Amino acid sequence: MAQAALDRRSRMFRSLRTRFRGALIQPGEDAYDETRRIWNGAVDRRPALIARCVDADDVVTALRFARDHALPISVRGGGHGVAGNAVYDDAVMIDLTLIKGVSVDPAKRQARAAAGATWGEFDLATQRYGLATTGGTVSQVGISGLTLHGGFGHLLRKHGLTVDNLRAVELITAEGEQLRVDAQSEPELFWGLRGGGGNFGIATSFTYDLHPVGPVVLGGPVYWPIEQAAEVLRFLRDFAPAAPDELGIMLVAHQLPPLPFLPPEQYGKPALGLLLTWAGEVAEGMRVLTPLLTQLARSATWSGWCPTAHFRPCSTVPRLPATAPTGGPYACLSCPIPRLRSSSRCSTRSRRGCPS
Ligand SMILES: Cc1cc2nc3c(=O)[nH]c(=O)nc-3n(C[C@H](O)[C@H](O)[C@H](O)COP(=O)(O)OP(=O)(O)OC[C@H]3O[C@@H](n4cnc5c(N)ncnc54)[C@H](O)[C@@H]3O)c2cc1C
C-alpha cells in the first residue's frame with residue numbers, strides 16, 4: 001500500500017482510539033504478530049487492524065467503524081477454527097479474547113459465559129458447584145465458535161450437543177444492534193444460532209443449562225495402531241448402541257500425540273483411539289467399565305487409564321483455584337475431569353499415578 005494511503009489509514013484508526021476502550025493494534029506494532037496468530041499455524045493472514053474488545057460496546061464501536069469505512073471484518077473467539085476464518089488479510093479483526101467471565105447460578109443450574117472464555121475456564125467455574133455442560137474436549141478451544149457450530153464433547157450421549165444446552169445468546173447484529181436472543185424472544189434467530197456458525201451476528205455471551213457431573217468422573221484414552229482399525233470399529237459397532245448414556249465414547253484417528261503413557265518412539269505414528277468417559281455414578285461406572293476395559297485390554301496396545309489397576313477412579317478431585325495454570329492439552333491422562341486435564345496440578349498427579 002502506498003505511503004499516502006497508509007498515513008490516511010493510520011489517521012482513520014487514530015480517530016477510533018478515542019471511542020474504543022480495548023487495545024487497537026496495527027501492523028508493525030509489537031503485539032501485532034502475536035495477536036493475529038491462531039491455532040492453525042498454517043494460517044498467516046495480516047489484518048489491517050486488530051480490535052481487542054473488552055466489552056460489548058467495544059464490539060459495536062469496532063463493527064460500526066468497519067462498516068463506515070467499508071472495511072471487511074473477521075471475528076475471533078478462541079481462535080481454534082481450523083479454516084482460520086477468525087483472521088483475514090486487510091480486515092478489521094474483532095478479537096473477543098479479552099471479554100472474559102463465567103457466572104454460575106447453581107440454583108437455576110445455569111451459567112452465563114462471556115464470548116472470550118475457553119472451555120477450560122468454563123469448566124473451572126462450573127465444577128466448583130459439581131456442574132457441567134457438553135463442551136469441547138480440549139480446554140483451550142473457545143466456547144464461542146464451538147457453540148455456534150453445534151458442539152460435541154464427552155457429555156454428548158447423556159446431555160446432548162452444546163446447542164441443546166444453549167438457552168440464550170447476547171448478540172450484536174450487522175447493524176450494531178444489541179439483542180438478547182432466546183427461544184421466546186427471537187425463535188428463528190435462536191434456531192439459526194444453534195449451529196449456523198458466525199453468520200447471524202457477533203455473540204458476546206452465552207447462557208447454558210448445567211447438569212450435575214463429577215466431581216469424580218472416570219476417563220482416559222485407549223489407542224491401537226491404525227492397522228487394527230477394522231477390529232476396533234467392529235467392536236464399537238456392536239458395543240456402542242446399547243451402551244449406557246453415561247458413557248461418553250469418542251473415536252479419534254490421528255497421529256499419536258506425545259502422551260506420557262506412550263512410548264516416545266511411537267509419537268507421530270498413525271493410530272486409532274477411543275476416548276471414554278463415564279460421567280455417572282462412579283460405582284456403577286466401575287461395574288459397567290470393568291468388562292469393557294478387560295475386553296479392550298486384550299487388543300489395546302496403549303492405554304491411558306489409571307495404570308495401577310488397569311483403571312481406578314482418582315480419589316477426590318481437588319478444587320482447582322481460579323488461577324490454575326494451564327499447559328498443553330495432553331498433560332494429564334488420568335485426571336477424572338477430562339477437560340481439566342491441561343492443568344499443571346493434574347499433570348503432576350498423573351505422573352505419580354492415581355492416588356486412589
Ligand atoms: C484442538 C481442537 C479441538 C477441538 N475439539 C472439539 C470438540 O471437542 N468438540 C467440538 O464440537 N469441536 C471441537 N473443535 C472444533 C472447534 O469447536 C471449532 O473449530 C470452533 O469453531 C472453534 O471455536 P473458537 O472460538 O475457538 O474459534 P475461532 O477460530 O475464534 O472461531 C471459529 C469461527 O466462529 C466464528 N466466531 C467465533 N466466535 C464468534 C462469536 N462470538 N460471534 C460470532 N462468530 C464467532 C469465527 O468468526 C470463526 O468463523 C476442536 C478444534 C480444535 C482445533
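A residue counts as buried if 20 or more other C-beta atoms lie within 10 Å of its own, as exposed if 12 or fewer do, and as partly exposed in between, with C-beta atoms placed from the backbone.

1. **Ground rules.** This is a predicted model: local features need pLDDT of at least 70, side-chain atom pairs count only at pLDDT 80 or more, and totals for chains, interfaces and linings use all residues. Numbering starts from 1 along each chain as its sequence is written.

2. **Overview.** The protein has 10 helices and 15 strands. Both are DSSP runs, numbered from the N terminus: helices are H or I with at least four residues, strands are E with at least two. Of the 356 residues, 40% count as buried. Two residues are in contact if their C-beta atoms, placed from the backbone, lie within 7 Å. Among contacts between residues at least 6 apart in sequence, 63% join residues at least 24 apart.

3. **Strand β12.** This strand covers residues 218–225 and is mostly covered, with 6 of its 8 residues buried. β12 runs antiparallel to β14 (residues 270–278), and 8 bridges join them. Strands pair if DSSP finds at least two bridges between them. Look at Val-222: its bridge partner in β14 is Leu-274.

4. **Helix α4.** This helix (residues 119–127) is largely enclosed by the rest of the structure, because 8 of its 9 residues are buried. Among them are Trp-119, Phe-122 and Leu-124. Glu-121 and Asp-123 are buried too. The buried residues of α4 pack against β5 (102–105), β6 (110–114), β7 (131–132) and α5.

5. **Largest nonpolar core.** Such a core is a set of buried Ala, Val, Leu, Ile, Met, Phe, Trp, Tyr and Cys residues joined through C-beta atoms within 7 Å. The largest has 68 residues, of which Val-59, Ala-62 and Ile-94 touch the most other members. Helix α3 (residues 56–68) gives the most to this core, with 7 residues. Leaving aside residues up to four places away in sequence, Ala-62 touches Phe-20, Ala-51, Cys-53, Val-92 and Ile-94.

6. **Around the ligand.** A residue is near a molecule if its C-beta atom, placed from the backbone, lies within 6 Å of it. There are 32 residues around the ligand, and Gly-77, Gly-78, Gly-142, Gly-145 and Gly-198 come nearest. The largest share of the shell, 4 residues, comes from α5. β3 (73–76), α5 (143–148) and β10 (202–209) each supply at least two residues.

7. **Between two domains.** Domain 1 (3–95) and domain 2 (102–212) both give residues to the shell around the ligand, so the ligand shell lies between them. The domain bounds come from an automatic or database domain assignment.
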